[in-house]
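Here are my notes on the charged side-chain pairs, as promised. Have the model open while you read.

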Amino acid sequence: MNMNKLKIIFANILLFYCINLQAQDPWIIKADKIDPANYYGITVANGMIGIVSSPEPFKVKNVVLAGAYDLYGRGRVSNFLNSFNLLNMYLEINGARIDAHNISNFHQQLDMQHAAFTATFDCGDVASVKYTYYSLRQLPFTVLMDISVTAKKAVNITAASIMEAPDALKDVQNYYNELDGPQSTISLLTSTAKSPTGKLQLCASNTFLFNAPGEEPRVVHEMWDNNMHLMKFSKAIAAGQTYQYAVIGSSITSAHDADPLNQAERLTIFAKLEGRERLIRYHEQAWDELWKSDIKIDGDPQAQQDIHSMLYHLYSFSREGTAYSPSPMGLSGLGYNGHVFWDADLWMYPALLVLHPEIARSLVEYRFQRLSVAKQNAFAHGYKGAMFPWESADSGVEETPVWALSGPFEHHITACVALAAWNYYCVTQDKQWLLEKGWPILSATADFWASRVERNGPGHYDIKDVVAADEWAENIDNDAFTNAAAIKNLQATIAAANVLGIKANPDWELVAQNIPILKFPDGVTREFETYKGEGIKQADVNLLAYPLKTITDGAQVKKDLEYYETRVPNEGTPAMTQGIFALLYARLGDGEKALHFFKDAYEPNLNPPFRVIAETKGGTNPYFATGAGGVIQSLLMGFGGLDITPNGIVQVKSKLPASWKSLTITGAGVEKKTYVIH
């Protein structure tokens, strides 16, 4: 082969590698083909305010605030509310309004490293436009959209910020004020409204940020109708020049502040006077801190990007110091009414606990602050202690719609809450927290299980009439996961008593020793008393190996895996089950089978153009943060071998697939350790 042919082959290989690398950037997800009919937005969020992207230029689909609920719609239960869409804009160039039909080269991308969503496009041969928006990490209620227009010819632009009330809100009032700032006038576009029942007041305010103080264009206010008003300005741009401006805004409700209307305006003024550069710099610094806890896969660029996306969403949907806990869909919209399920405590929480204990504390604090309501729930059902609701919103009462049996019967949630509390102590070793917050949760939930069992003789302290973790199994007796989780709850409470020097109730040990875990004649763990091998919705028995560690014998773990992995249908079931299968196979030393289930846990669930995860294979309801939590656990605790123990995080044996050169976990636990697995 001559040298020229070798050069051509080498150049083609290099070109292929560069294209492949670009398509699988570890931090940037690009959408170069935007089809509004097949578009599933990606969320920019800071743990408090979530903004969901739109296929229309200068639009966002949803603005959702954590903790903002009211009764409306179906189910007679509290639902998440859409807040004011404070980043809706329009742009006119030479009098022509920009929309998806009169632009070209429309590209969108998410920079996950700094939580920045950017769109670019061309407006014929007259101008090119770029805008980036942020849900500012350092300011929980504040967002920023940064816009630049580059003129190819001399143009005149008119730019507007539109404040429009969502349909569900009522008694909308609109305000426009011009305040004298230290260098220029501050134009405030503000709206307030009541939630459907009047329970909440929702408020939003925004203003323009201009780069040249004293040379700002004149801002004009227009009132369109009761539900919509705007402010706008016009500017001439010379050929070859780039004009930059921004919109900064804050959204807050009476669930977050006693005076949300004035606070929305104060926060917006504060952000404006901070200035664009400082706002973006501090936002990026906050995300740099978050990403000190990361997972790096060497040998699978696409998986690396996907894992960053999952971590990005978990970080985006939660926040230190909030006492909020994420819904299955996080802040990506109104999915599952924004309610909190076991999805938070069992699926998302362990990943956050290992990587960011300070964020995980918010999730446990959410439960602690609703402990008294859980005690009332137990009392109403004739039990002692605390019985946590299957679906929880702002107050902590049961929020499951009446038609769903999971509300009165899916009791394993109580043990999931307790184990999250115990695991927080295990990772942090914070005895003061355990005494003040953990012990009240653990002791009350242990009392619940001691009163919940039916004492039918040794080995028969039965837990009857439950909805299993496998939710297709309704009103059955002695569900494997429910029983094992109850045992673990009781044992953890006894362990906590020993740590604190408190005398444990001797009945807790008696109950724990006599709750049955059933088996088939061949030794496979039986899902529930009357189970005969039917299809299952999601993992149940296999959760006894992890996270409960009730079953520790490798042969038994494998036997249960091989039986139940064939019982999960290939469609219509939630994503997290395969994450558990991957985790367990990695710990059993079968890296290839673990890789199969790792990929199967999310790849069939991805939606265009940003590879966002739906709940089921072929599903269209992203973003399913529960599934992301399961997959992240398969990496941390499966391939990575990390294990949460009463003495902190330790590492157990695990196996990587042959195609992965290494797995690196950084910033783990309170000591922010690094683990490398080859």
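1. Glu565 comes out buried, at a relative accessible area of 17% (buried is under 20%, exposed over 50%, partly exposed in between, with a 1.4 Å probe and protein chains only). Its salt-bridge partner is Lys593, with 3.3 Å between the closest N and O atoms; the term takes a side-chain nitrogen of Lys or Arg within 4 Å of a carboxyl oxygen of Asp or Glu. Glu565 sits in the loop between helix H13 (554–564) and helix H14 (576–588), and Lys593 in helix H15 (591–600), so this pair joins distant parts of the chain, 28 residues apart. Helices (H or I, at least four residues) and strands (E, at least two) are DSSP runs numbered from the N terminus. Lys593 itself is partly exposed, at 28%.

2. A word on the basis: this is a predicted model, where local features need pLDDT of at least 70 and side-chain atom pairs count only at pLDDT 80 or more, while totals for chains, interfaces and linings use all residues. Numbering starts from 1 along each chain as its sequence is written, and side-chain values use heavy atoms, leaving out hydrogens and water.

3. Next, look at Arg587 and Asp643, a salt bridge with the closest N and O atoms 3.0 Å apart. Asp643 is buried, at 9%.

4. Lys292 and Glu289 also pair up, at 2.6 Å from N to O. Here Lys292 counts as exposed at 52%, and Glu289 as partly exposed at 46%.

5. Finally, Asp300, Lys599 and Glu603 form a salt-bridge network. The search of the whole structure gives 22 salt bridges.
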